There are 2 protein chains.
Amino acid sequence: MNFDTNELIGFVAALLTTIAFLPQVYKTWKTKDVSSLSLPMLLLFFTGVLLWLAYGILKDSPSMIFANGTTVVSTVLLLRFKIKYHKK
Amino acid sequence: MNFDTNELIGFVAALLTTIAFLPQVYKTWKTKDVSSLSLPMLLLFFTGVLLWLAYGILKDSPSMIFANGTTVVSTVLLLRFKIKYHKK
């Protein structure tokens, strides 16, 4: 049996950090409240995840491409909301 | 020269997604405004990053341990702020 506990932990970790942003996207989309979201955080995180996606493509890793591709989309949506609904 | 562009991209990606949470921690600490932070996001992300840290320890990867250890601390702080300053 080719069961690797380490890789299972890694897989669940990737799954959780990928889906984590979905409730944030939903909440922000619903409330239009972006006051406490940090723009520098979103910009740094977006750039970082974009580079993780490039790394996944270069390394030919489908799981990295899927996880980081999904997170890039979530982060783009949050950035769009932050810029659109930001006051002052 | 043992220069690997892929690994440089991965390193910068890890650095950016790790430091990204610092401006969020600073902003939240300073403003005490947690209204637009999603609690499910923080809980999912915290659990995911904790598992990434476990994965890094199991894989004996200093860079994963450092990056995810730092992000665990940032996320614990954000969770603490969210619970402490949450209204209603």
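**Close-up views of a two-chain predicted model**

**View 1. A nonpolar surface patch on chain A.** Leu8(A), Phe11(A), Val12(A), Leu15(A), Ile19(A) and Leu22(A) form this patch, with about 500 Å² of accessible area together. Patches take residues with over 30% relative accessible area and no salt bridge; nonpolar side chains (Val, Leu, Ile, Met, Phe, Trp, Tyr) are joined within 5 Å, like charges within 9 Å. Accessible areas are Shrake-Rupley values with a 1.4 Å probe, and for residues only the protein chains shown count as cover. Helix 1 (residues 5-19) of chain A gives the most to the patch, five residues. Leu8(A) sits in that helix 1 of chain A. Helices are DSSP runs (H or I, at least four residues; strands are E, at least two), numbered from the N terminus.

The model is predicted: local features need pLDDT of at least 70, side-chain atom pairs need 80 or more, and totals for chains, interfaces and linings use all residues. Residues are numbered from 1 along each chain as its sequence is written, chains are lettered from A and ligands numbered from 1 in the order written, and side-chain values use heavy atoms, without hydrogens and water.

**View 2. The interface of chain B and chain A.** Contact (heavy atoms within 4.5 Å) takes in 35 residues from chain B and 35 residues from chain A. About 3200 Å² is buried between the chains, 70% of it from carbon and sulfur atoms. Buried area is the accessible area (1.4 Å probe) that two parts lose on being put together, summed over both.

**View 3. Salt bridges between the chains.** Chain B and chain A share two salt bridges, each a side-chain nitrogen of Lys or Arg within 4 Å of a carboxyl oxygen of Asp or Glu. Glu7(B) pairs with Lys59(A) (3.0 Å, N to O). Glu7(A) pairs with Lys59(B) (3.0 Å, N to O). Glu7(A) lies in helix 1 of chain A and Lys59(B) in the loop between helix 3 and helix 4 (62-85) of chain B, so the pair joins two chains.
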